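Good morning, and thank you for making time for this presentation. Please bring up the sequence and the model, and I shall go through several parts of it in turn.

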Amino acid sequence: MSDKLRLRFEKTGRAVYISHLDLMHTMQRAFNRAGYHLKYSEGFNPHPQIAIALPLSVGTASLCELMDFKLKEEPELAALPERLTAVMPEGIRVTEAYEFTRKVAELKWLEIRGVFEYDEREPAEMAEKLREFYARDAIVITKKTKRGMGETDIRPGIREISFTPGEKAVDITTTLSAQEPTINPELLAEALRQLRPELAPDFAKFTRIETFDADMQVYR
Amino acid sequence: MDKRLERILPRVQKPARYTGGEYNQILKNKDEVDIRLAFCFPDTYEIGMSNLGMSILYDTMNSLPFVWCERVYAPWGDMYEEMKKAGIPLYALESGDPVGDFDSLAFSIGYEMAYTTVLDMLDMAGIPLRTADRPELLPLIWAGGTAAVNAEPMAPFLDLFVVGEGEEVDNEVLTLLREAKMGGWSKHEFLVKAARIQGVYVPSLYEVSYHPDGTVAAVTPKDGAPSRVTKRIISDLDKVPFPTKPIVPSTEVVHDRVSLELFRGCPRGCRFCQAGHVYRPLRAKKPETLIRQGIESLENTGHEDVTLLSLSTSDYRQLPALCDGLLEYCEPRSIGLSLPSLRADNFSMEIMERLQKVRKSGLTFAVEGGSQRLRDAVNKNVTEEDVLHTCSIAFAGGWNTVKLYYMLGLPTETDEDILGIAEMANQILHCWRVNAKNKNRGVKITISTSCFIPKPQSPFQWEAQISLEEYLRRVNLLRSAITAKNVTYNWHDAETSLIEAVLSKGDRRVADAIEEVWRQGGRLDAWTDYFSFRRWMEAFETCGVDVDFYAHREAGKDEILPWDHIDVGVRKAHLWHEREMCYKSQLSPDCRHQCAACGAAKLLTGGIKCDER
């Protein structure tokens, strides 16, 4: 029964710079501090059985990270978020702990908010041009694939995208394909650098907001 | 977070080193403290966060309610470039505030190759490098650490040094600094008062004059500063605060585990060893204290490894009781216990067997000298028999890698001694053939040599270092003597050792060259990525620093050494006696067998005795 546990957590503020690998280690220690005992794999070099869905890029924040784990004991799930959050580094907050029923493979879409910062350009004008650009039927960019550099159309992986001009920046709300294919929000800025450099922002940052399945129902 | 920083961080390697926010970091309200202190480590985050001294003093200095002590490390090259480009000054990890605005910067300087990084961090903070160019009381720039046993090369840059262990004296300095800040004292007024605290060395209160031949003529104190600065120690290690809530880094560092300090000082007295002399007298913690601190630290950090630190772990009298107590907690929780610095004896092997149930890592011996004669001369009490005996047990138990560390250029070393190194490797190989159960896996013996560096406050402080050419000749002699294919020989470059020799034995006149190296781009010189031998040699040339005078010249018995006014406890006469014993190739008994009356016991207070017997 303690084998199918899932944690939902936020990774914001200074914690966005913790890499995926370091986060696994950080989680493991947080469990130790909170007095929970993770199950370990068998074998020569045992490691705790934890899996974080959809590794987050360094610098990207999230309000909806998911981590599956196994415990030796049967914990009181309701108390778990608070107990873990109390021993987390700054910026990591556990919001839910529950037994999961759905496989990570069923997670299909991610709602993401982002900011394109423009130091010298007019945000309203940029927003207009961005809308135009992302209305294209195909956005083919060159990116690293498993077989070296290749051409990819990222447009099918963008379900929705909207732009709102703000102070020296354009705010973005978008829904991107989380896996198969994975559309990293960084590619939204990369596409501009490759295809419309005059629209490319001076800096871009993103926050994952929510996870959805193929039918756009909230995924847990 | 600073907007400029936010743009840089995604571009640099391992950005989590530059953000702070780790678990157990100490946050205070900056409006509620009187002194904001930047505790600076002149090397990378990964190295600094592995340093137990930093962890201890971060805790003790923050125990003062009027002080907020924050951490600062030197950025790696990519981050350094980005910060320069964006105009971001050096900032503290906890608050992200520029350290140039702090009341004080305290550096922990553990090794000479960090000197240029100290200057670089000052510059990144926008602070003038030289104490003479900082007329105001604030910011106070001070330092402690092993480098303080010869502070002279850095004397023009630092307002004040603390000599010895910092747990008490650092807080005394901070308390005085607060009084000075509140009372509007001048810098000079503060420094004169600070110099009266035991363990505080204010270089600007000492006038150094030189003989025509370049040696020191006199070191004259002024304004009431003591003629010799006596090192501070903590007499009772069971009572001194120890951080059982250390910061848990959110990214990988070098030593990522709980560290427990068994004792300070060393009973062995190896004559080349600075640490073995400057950390005396011997003071141990009780096993109960260590077990309690270990368990608390593990629970507060979630670490899965704990290690025991000291200069010679096997010399901790109650090692079995301590290991039993810790293992009782660790084993059921799959927490690993590791013991570095074990000696080559039976007990060590037993304990290693117990600790390393799964992995058989390699055996490492610091043999130092190639023959018994030379080992006796440097007082390194390891015999060939010890090494072979330990190896035979280890090979029978399944170990198959052995590493041997030696120094070339030790006083009295001959070619015969050097050939003895190759001979010992052959003996170990033979030992493996006789004892190994499974020979299919082969054996790997690695010999490493480094170049001996004479260190201040050790019995070899008068010694000359061998030249680069001579080191290479000795390396080649050893290379040609090693024939077995299972034996690998690695030799460390002697270029760094030469620079280190000049800096360790240097006086105030070396400071200009340190600054010149920094001006030519030198920083993080402990890293081969950044170290440039040419830059150092050119700077010595430019600043008129004679390398031969500092590194290759033997000092006379009655010569005033540049660091003689720093009293680490051990008497100069004792060091000289030890040096004479070297030239007779005679061992001195270790402290446990016979107290040599080295002098360090005078530092103890409160009725506490040296742990020598």
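This is a predicted model: local features need pLDDT of at least 70, side-chain atom pairs count only at pLDDT 80 or more; totals for chains, interfaces and linings use all residues.

In which strand of chain A does Thr142(A) lie? The residue belongs to strand S6 of chain A, which covers residues 140–145.

Leaving aside residues up to four places away in sequence, Thr142(A) touches Met149(A), Glu151(A) and Gln194(A). Thr152(A) is 10 residues from Thr142(A) in sequence, and their C-alpha atoms are 6.3 Å apart in space.

I turn now to the domains of chain A. The domain assignment divides the chain into domain 1, residues 5–101, and domain 2, residues 106–213. Taken over C-alpha atoms, the centres of these two domains of chain A are separated by 28 Å.

Glu180(A) has a phi near 50 degrees, which is a positive value in a residue other than glycine. Glu180(A) is exposed, having 8 other C-beta atoms within 10 Å.

Next, the contact between the chains. Chain B contributes 18 residues and chain A contributes 20 residues. The side of chain B that touches chain A divides into six nonpolar, nine polar and three charged residues.

That brings me to chain B as a whole. Chain B contains 20 helices and 19 strands. Its radius of gyration is 24 Å, close to the 25 Å that the globule rule gives for 613 residues, so chain B is as compact as a globular protein of that length. Along the principal axes, the C-alpha atoms of chain B fill a box of roughly 75 × 65 × 55 Å. Of its 613 residues, 50% count as buried. Among contacts in chain B with a separation of 6 or more, 78% are between residues 24 or more positions apart.

Within chain B, consider strand S2, residues 67–73. Why can S2(B) be called largely enclosed by the rest of the structure? Seven of its seven residues are buried, and therefore the description applies. On one side the buried residues are Val67(B), Cys69(B), Arg71(B) and Tyr73(B), and on the other they are Trp68(B), Glu70(B) and Val72(B), so that both faces of S2(B) are covered. Strand S1 of chain B, residues 35–41, runs parallel to S2(B) and is joined to it by seven bridges. One of the bridge pairs is Phe41(B) with Tyr73(B) in S2(B).

There is also an open sheet of three strands in chain B, with the order S10-S13-S14 and parallel pairing. Which strands stand at the edges? They are S10 (258–261) and S14 (336–338) of chain B; each has a single partner strand, so one side of each is left without a neighbour in the sheet. From one strand to the next, the twist averages 20 degrees. Strand S13 of chain B, residues 305–309, pairs with S14(B) over three bridges in the parallel sense, and Asp305(B) has Gly336(B) in S14(B) as its bridge partner. Helix H10 of chain B, residues 319–330, lies across S13 and S14 of chain B and runs at about 155 degrees to S14(B).

Finally, two loops of chain B. Arg280(B) and Pro281(B) are joined by a cis peptide bond with omega at about 0 degrees, and Pro281(B) is found in the loop between helix H8 (275–278) and strand S12 (283–284) of chain B. Asn379(B), in the loop between helix H12 (372–377) and helix H13 (384–396) of chain B, has a positive phi of about 65 degrees although it is not a glycine. Asn379(B) counts as buried, with 24 C-beta neighbours inside 10 Å.

Note on methods
Residues are numbered from 1 along each chain as its sequence is written. Chains are lettered from A and ligands numbered from 1 in the order in which they are written. Helices (H or I, at least four residues) and strands (E, at least two) are DSSP runs, numbered from the N terminus. The radius of gyration is taken over C-alpha atoms; the globule rule is 2.2 Å times the number of residues to the power 0.38. A residue is buried if 20 or more other C-beta atoms lie within 10 Å of its own, exposed if 12 or fewer, and partly exposed in between; C-beta atoms are placed from the backbone. Two residues are in contact if their C-beta atoms, placed from the backbone, lie within 7 Å. Domain bounds come from an automatic or database domain assignment. Ala, Val, Leu, Ile, Met, Phe, Trp, Tyr, Cys and Pro count as nonpolar, Asp, Glu, Lys and Arg as charged, and the others, Gly among them, as polar. Two strands pair if DSSP finds at least two bridges between them. Axes are lines fitted to C-alpha atoms, for helices over the stretch in contact, and angles run from 0 to 180 degrees between N-to-C directions.
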